[in-house]
Amino acid sequence: MLWAVLSIFVLAAVAPFIARVTKQATGWVLGLLPLAVFAYFAQQIGPVADGTPIRQVHAWVPSLDLTLSFYLDGLSLLFALLVTGIGTLIVVYAGGYMHGHDQYGRFFSQLLLFMGAMLGLVVADNIIAFFIFFELTSFASYLLIGFYHTDEDNRQAARKALVVTGGGGLALLAGLLLLQQVTGTMEFSEMLALGDTVRAHPYYTGIFVLVILGAFTKSAQFPFHFWLPAAMAGPTPVSAYLHSATMVKAGVFLLARLSPVLGGTDLWLYTLVSFGAFTMVLSAWLGLRYTDLKQILAYTTVMVLGLLTMLLGVGTSAAVKAAMVFILVHALYKGALFMMAGSVDHETGTRDVLELGGLRSEMPYTMAGGLLAALSMAGLPPLFGFIGKEVTYEAALGAGPIGIVVLVASVLANAALLAGALVVGIKPFFGGEGSFTRHPHEAPVSMWLGPGILATLGLAFGLVPSLVDQTILQAATGAVLQSPYEFYLALWHGINAPLIASLVTFAIGFALYVQWARVQPSGFMQALDGFFGRRPAAAFERGLFEMARLSQWTTRRVQDGTFRHYLLTVLSTFVVLVGSSLLLQTNIQWPTEVLGVRYYEAALAGIIVLAALVAVRTHERFIAILALSIGGYAIALLYLLFGAPDLAMTQFTIETLSIIILVIVLLNLPGISGQVSLASRVRDAVVATGVGAIITTIALTVLSTPLDRYVSDYLASRSYTEARGHNIVNVILVDFRALDTMGEIGVLAMAALGVYVLMRMMRQNRDTPEASIESDDKVLTEAEETA
Amino acid sequence: MEALLAIVSGILFACSFYLMMRRNLLRFVIGLIILGNAANLLIFTMGRLTRDHPPVIPYGAELPIEPYANPLPQALILTAIVISFGLLVFALVLVFRNYLTTNTLDADTLDAAEPDEPLDVHTETRRLPA
């Protein structure tokens, strides 16, 4: 499985180069690999359906106990087949659809990246690997949605998708890590058996909320539903893939994967059912508001995601079965219909249902595939969609006290779905000639093959459900339920409650379709769209804007370009944080084991303090220098008194040099002026005093603990025996820490070089002190050349 | 004595930070010098004080005679003194150079490199450009 996943990523990397060679055949060539991977996974149906999940473990980061492990049970297999199977058809389709685009190769690269990420996601066992693939799908979809990036609307749609799903991904990461804390394992396959532990754990609610955030954002559940209809800004092959088999199904997959671990509680039941049902009904009806084929399809995808969330929330065997059936049903018809919409758009130049019509003779193959898929979407017999709807109603009826809510919501949503399906499947092909400028032809074979195959499968699975029920669907259901579950699917169950519900659905749905021209522009639909469709999207954009404004405001406040304000901020933070922690935690003691104070030492200390205070107070630059040097010499004397003659000598030398340089420079500078208000001086003084007090407090605290002289004694004892030096300080500098000292010399040399360059510029500038910056730059360049 | 020097270095830190928060660049440089001294004094004190006994091994001996001053802080401070001298000179020349160009020592007027608008936000449409 590692190779199956990796090979797709490798192909993604080389796809642009292949595309350069294969030109218009690229789709067919690149489709071979996903087809091979599909075949590989198809071979696993037998073993997996027998109830033995396959697990493969590869070492990844052994030092962190991370493994790159894959787990293939019925659920992963169902998704893996969809990802690679539909992926193959999409790649072929894209070969025709994107033909002639100047970034043909790049498109395939991104599409394959998307495929690899989604495949990795569904077969990953390790939660970290899962998370990486999860975020990679967000990233890849960001690139693909914004593929036509010259248009700002597309960039905006891409950003919306990235921020919503990426943000949810971060919540998911936190949830998964908490799950790891509770279960002690990073592998899904091991977590599955630990559901009771997790549900009883105090972290359960937190884990649940975080994981649900990840799933709801990814699968566009209300109130995060707005990003998905916007995502149709991407090229149509992307929409087809994103809606049918990848990305949006990742959230549903996550819910299904973790339902043995997190499911079965009231929290799970009510949250998923209420959000799922609401999303389902809302978006099914919102779909009727639109006339753009892709927009209608996008809202019906949100509807199906709501349905799946609701069914997984119900969590009974029948509900899980219905969810698995519907995943397959939806993937088949939605992939086909998006591709059909793309072909129609490609040939006519429009996707607006009101402008389309009468294409049945020009585009017979496209029509056949599209119509068949639309009938499956409508849930009409004998297509697979009918079975999907029946098992949903069956699940609703067996859902206990909430069953009636689930049933009513499902009927309402499915009726609108039926109407939408007929609008999408019939309007473009029948009726009078549409109003489009281009003369339509049948799409090339690469573009009707995919929808044709998917639509035919929708018919075949409806007529012969045994093709899938006993094998893959049963295995998937069993994997979610964590116990084997046998079922048969059939078109005809006799006259029972689900059938009656279906008939009601048909009645409402057909009525809606007939009245669609009146329903679509009605005031009610406009209000619904305004409140639930446009408003959340606008609120999101507004939120982004306000966040940018907030950060702009913060930036201006915190980084106003004035160094002393930065310093003030840093120091105040230091005072508040360190000061409060000192006050709260430390038991400050006066150090006991210290030397006494002799009067001349006290006098030196007094001189140092006095000199510093004079330097602070004075406005006379030469008095400041004088005070500085007196303080410096006093410190040198202290060094001398306390056994540090080397320091004293250095300090004397440096102090003398400093004075000379200071005097030279200051002679050329004006006096100290430019005062600020008393208030800010007081404020600065308070903060500075606070810092000083904290440093003294820390120092006193350190002094009241015993000193560990291990390193000093070690160096002292080796100073002569190993380095043959009597002066320990010197030995440390030039022997033990010689490399360090060399670095210091380097620093000094660089400073000296800098000073040299600056001085040269000054000499040349002396005649024109107000020279412009430009001419200075010239001088600088010359100086560098000279140097 | 250690406690006294801890207080002294605290005062030096306070003075240096106060000076570094002034508008005049010269006072900033003075603050920088005091900061170096304050830090050195603090390190010196933290290594504990020993009167009159430098860390030197007498001729003929292999080990220093107890008690001897802690050599480690001294080694650190020795380089620190030299480095802070390098810093001082460089800062001073920079200030001077800047004065020749701008004719001012007022830090608040040196904002040529600051952008007026840190972010490009469409205030009229109230949305962030993509």
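This is a predicted model: local features need pLDDT of at least 70, side-chain atom pairs count only at pLDDT 80 or more; totals for chains, interfaces and linings use all residues.
**View 1. Chain B on its own.**
Chain B has 3 helices and 0 strands. Read from the N terminus, its elements run α-α-α. The chain holds 130 residues, and 58% of them count as buried. Among contacts in chain B with a separation of 6 or more, 51% join residues 24 or more positions apart.

**View 2. The interface of chain B and chain A.**
Here 95 residues of chain B are in contact with 124 residues of chain A. Three residues of chain B stand out by area: Met21(B), Arg51(B) and Arg97(B). Together they supply 8% of what chain B buries against chain A, more than any other three residues. The area buried between the two chains is about 10000 Å². Carbon and sulfur atoms give 71% of that area.

How many salt bridges cross the interface of chain B and chain A? The rule finds 2. In one of the salt bridges between these chains, Asp684(A) pairs with Arg22(B). The closest N and O atoms of Asp684(A) and Arg22(B) are 2.8 Å apart. Polar contacts across the interface of chain B and chain A come to 16 residue pairs, with both residues at pLDDT 80 or more.

**View 3. The side of chain B that touches chain A.**
The elements giving two or more residues to this side are α1 (2-20), α2 (25-46) and α3 (71-102) of chain B. Which element gives the largest share? That is α3(B), with 23 residues. By residue type, the side of chain B that touches chain A divides into 63 nonpolar, 17 polar and 15 charged.

Pro670(A) is found in a loop of chain A, between α29 (645-667) and α30 (678-703). Why does Pro670(A) count as partly exposed? Its relative accessibility is 32%, so Pro670(A) falls in the partly exposed class, between the 20% and 50% cut-offs. In sequence, Pro670(A) and Arg621(A) are 49 residues apart. In space, Pro670(A) and Arg621(A) are 8.9 Å apart, C-alpha to C-alpha.

**View 4. Domains 1 and 2 of chain A.**
Chain A is divided into domain 1 (264-521), domain 2 (525-559) and domain 3 (713-787). The C-alpha centres of domain 1 and domain 2 of chain A lie 33 Å apart. In this pair, 11 residues of domain 1 are in contact with 7 residues of domain 2. The area buried between domain 1 and domain 2 of chain A is about 770 Å², and carbon and sulfur atoms give 69% of it. Which three residues supply more than any other three of the area that domain 1 buries against domain 2? Leu282(A), Leu286(A) and Arg289(A) do, with 52%.

**View 5. Make-up of the interface of domain 1 and domain 2 of chain A.**
The rule finds 0 salt bridges between domain 1 and domain 2 of chain A. Polar contact links 2 residue pairs there, both residues being at pLDDT 80 or more. Helix α15 (residues 266-287) of chain A gives the largest share of the side of domain 1 that touches domain 2, at 4 residues. That side of domain 1 divides into 9 nonpolar residues, 1 polar and 1 charged.

Terms used:
Residues are numbered from 1 along each chain as its sequence is written. Chains are lettered from A and ligands numbered from 1 in the order in which they are written. Side-chain values use heavy atoms; hydrogens and water are left out. Contact means heavy atoms within 4.5 Å. Buried area is the accessible area (1.4 Å probe) that two parts lose on being put together, summed over both. A salt bridge is a side-chain nitrogen of Lys or Arg within 4 Å of a carboxyl oxygen of Asp or Glu. A polar contact is a pair of N or O atoms within 3.5 Å; within protein, one must be able to donate a hydrogen and the other to accept it, and residues adjacent in sequence count only if both atoms are side-chain atoms. Ala, Val, Leu, Ile, Met, Phe, Trp, Tyr, Cys and Pro count as nonpolar, Asp, Glu, Lys and Arg as charged, and the others, Gly among them, as polar. Domain bounds come from an automatic or database domain assignment. Buried means under 20% relative accessible area, exposed over 50%, partly exposed in between (1.4 Å probe, protein chains only).
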